[in-house]
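Please walk me through this model.

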Amino acid sequence: MISLYMTYPKWITPFVFPFTTLFRWYSLMYVFAFVTAWLLLRYILKHDNCRLKLDISKSEDIDLVVCVAVFLLLGARLGSALIYSGSYYWKHPHLIFWPFQNGQFVGLPGMSYHGGVVGAIIGAVVFAKRRHKSLLDIMDALICCVPFAYTWGRLGNFFNAELYGRVTSSGIGMLFPPYSTQQFDTSLLWVQEIMQKCSISATGPYVNLPRHPSQLYEALFEGIVVGLILWLLVRPRMKRIAPGVTSGLYFVLYGTVRFFIEYFREPDMNIGFVIKGSYGADNISLFTSVLNISMGQILCFLMIVGGFIMIIVCKKLAKKEKRSARRK
């Protein structure tokens, strides 16, 4: 039976304006993300009956978003350069934030989500220390804004035709532009099988194959679905939980969802599978085994463990504070 596949929309280009390459949709998505986070934070501050309690004024909310955004961008760039780019930036650290390549402006190519999380946490710590606010309350409020803001970033990846998924013959597969994907040798048996299932013919020794649109999977499940779950917890009728638990829950939810979506997403070519637990580990473009683990999955596992630890510790701290309050 012939499997159908989708074709990447021809009207989508990485650039906002066709007459210049200075403005990319991906960069614009960061603006949308930070504005979304700010608007949601304003909503939390405006509604006193919201379960989240954030002790900052409306004049301080923009300062909080800007502070966190700056450290998030720094962390995201450093994470991408030092974790996912091999040894190049370790040898050339002065180029990590250099926005030019071969005399052309390319911006900052490569941002790491996990590096961004670390940066955002540092930004929250800095703001909380300087303004003498509760770090856990700030984190909980921001965490509820993150998933919906994060969705914009993954849409930006889709518009850039990057971070696509592994090869698939399923009907949900998408044929991305040849300039953005790896071409495959038509003499390989597994390539011939995919071509036959998808009714793809080659005009040369190499062929472009359909892939999972994993950017859209992540935007939907890591962004919207996780975000809705968190916002259900902050409804007025819900019982208030210990400060920090919401943040820990987000780390667990995101880490779990991302861990499984990584099986559909192609690992970075220069890294491949960090843990090669089964056959087919040398072919990163095709799913062969759940035992082949990527760098993203390792970081997500650490995120899950850290989330559970945070939930346990925050609950114990809350109980200890209640007992101390009763004694007084």
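The side chains of glutamate 218 and arginine 258 form a salt bridge, with 3.7 Å from N to O. A salt bridge here is a side-chain nitrogen of Lys or Arg within 4 Å of a carboxyl oxygen of Asp or Glu. Glutamate 218 sits in helix α7 (residues 214-233) and arginine 258 in helix α8 (residues 245-261), so the bridge ties together parts that are 40 residues apart in sequence. Helices (H or I, at least four residues) and strands (E, at least two) are DSSP runs, numbered from the N terminus.

This is a predicted model: local features need pLDDT of at least 70, side-chain atom pairs count only at pLDDT 80 or more, and totals for chains, interfaces and linings use all residues. Residues are numbered from 1 along each chain as its sequence is written, and side-chain values use heavy atoms, with hydrogens and water left out.

**Charged pairs**

Glutamate 218 also meets arginine 265 in a salt bridge. That pair links distant parts of the chain: glutamate 218 is in helix α7, while arginine 265 is in the loop between α8 and β7 (273-276), 47 residues apart. Lysine 276 and aspartate 282 form another salt bridge.

| Salt bridge | N to O distance |
|---|---|
| Glutamate 218 and arginine 258 | 3.7 Å |
| Glutamate 218 and arginine 265 | 3.1 Å |
| Lysine 276 and aspartate 282 | 3.6 Å |

Are these residues buried or exposed? Buried means under 20% relative accessible area, exposed over 50%, and partly exposed in between (1.4 Å probe, protein chains only). Glutamate 218 is buried, at 1% relative accessibility. Arginine 258 is buried at 3%, and arginine 265 is buried at 9%. Lysine 276, by contrast, is exposed at 52%, and aspartate 282 is exposed at 70%.

A network of salt bridges links Arg154, Glu218, Arg258, Glu262 and Arg265. The salt-bridge count comes to 11.

**Nonpolar cores**

A nonpolar core is a set of buried Ala, Val, Leu, Ile, Met, Phe, Trp, Tyr and Cys residues joined through side-chain atoms within 4.5 Å. The largest one has 44 residues. Leu41, Leu64, Ile138, Tyr250 and Phe251 touch the most other members. Two or more residues each come from α1 (25-46), α2 (61-84), α4 (113-131), α5 (135-159), α7, α8 and α9 (295-327). Helix α5 gives the most, with nine residues. Another core, of 11 residues, lies apart from this one and includes Val167, Ile194, Leu209 and Leu286.

What does phenylalanine 251 touch? Leaving out residues up to four places away in sequence, its partners are Val117, Ile121, Met139, Ile143, Met303, Ile304, Gly307 and Met310. Contact means heavy atoms within 4.5 Å.

**Helices α4 and α8**

The axes of α4 and α8 come within 13 Å and cross at roughly 170°. Axes are lines fitted to C-alpha atoms, for helices over the stretch in contact, and angles run from 0 to 180 degrees between N-to-C directions. The two helices are therefore roughly antiparallel (over 145 degrees). Tyr113, His114, Val117 and Ile121 of α4 meet Tyr250, Phe251, Tyr254 and Arg258 of α8. These contact residues divide into six nonpolar, one polar and one charged. Ala, Val, Leu, Ile, Met, Phe, Trp, Tyr, Cys and Pro count as nonpolar, Asp, Glu, Lys and Arg as charged, and the others, Gly among them, as polar.

**An exposed leucine**

Leucine 302 lies in helix α9. Leucine 302 is exposed, at 52% relative accessibility.

Terms used: Parallel < 35°, antiparallel > 145°, perpendicular 65-115°, else oblique.
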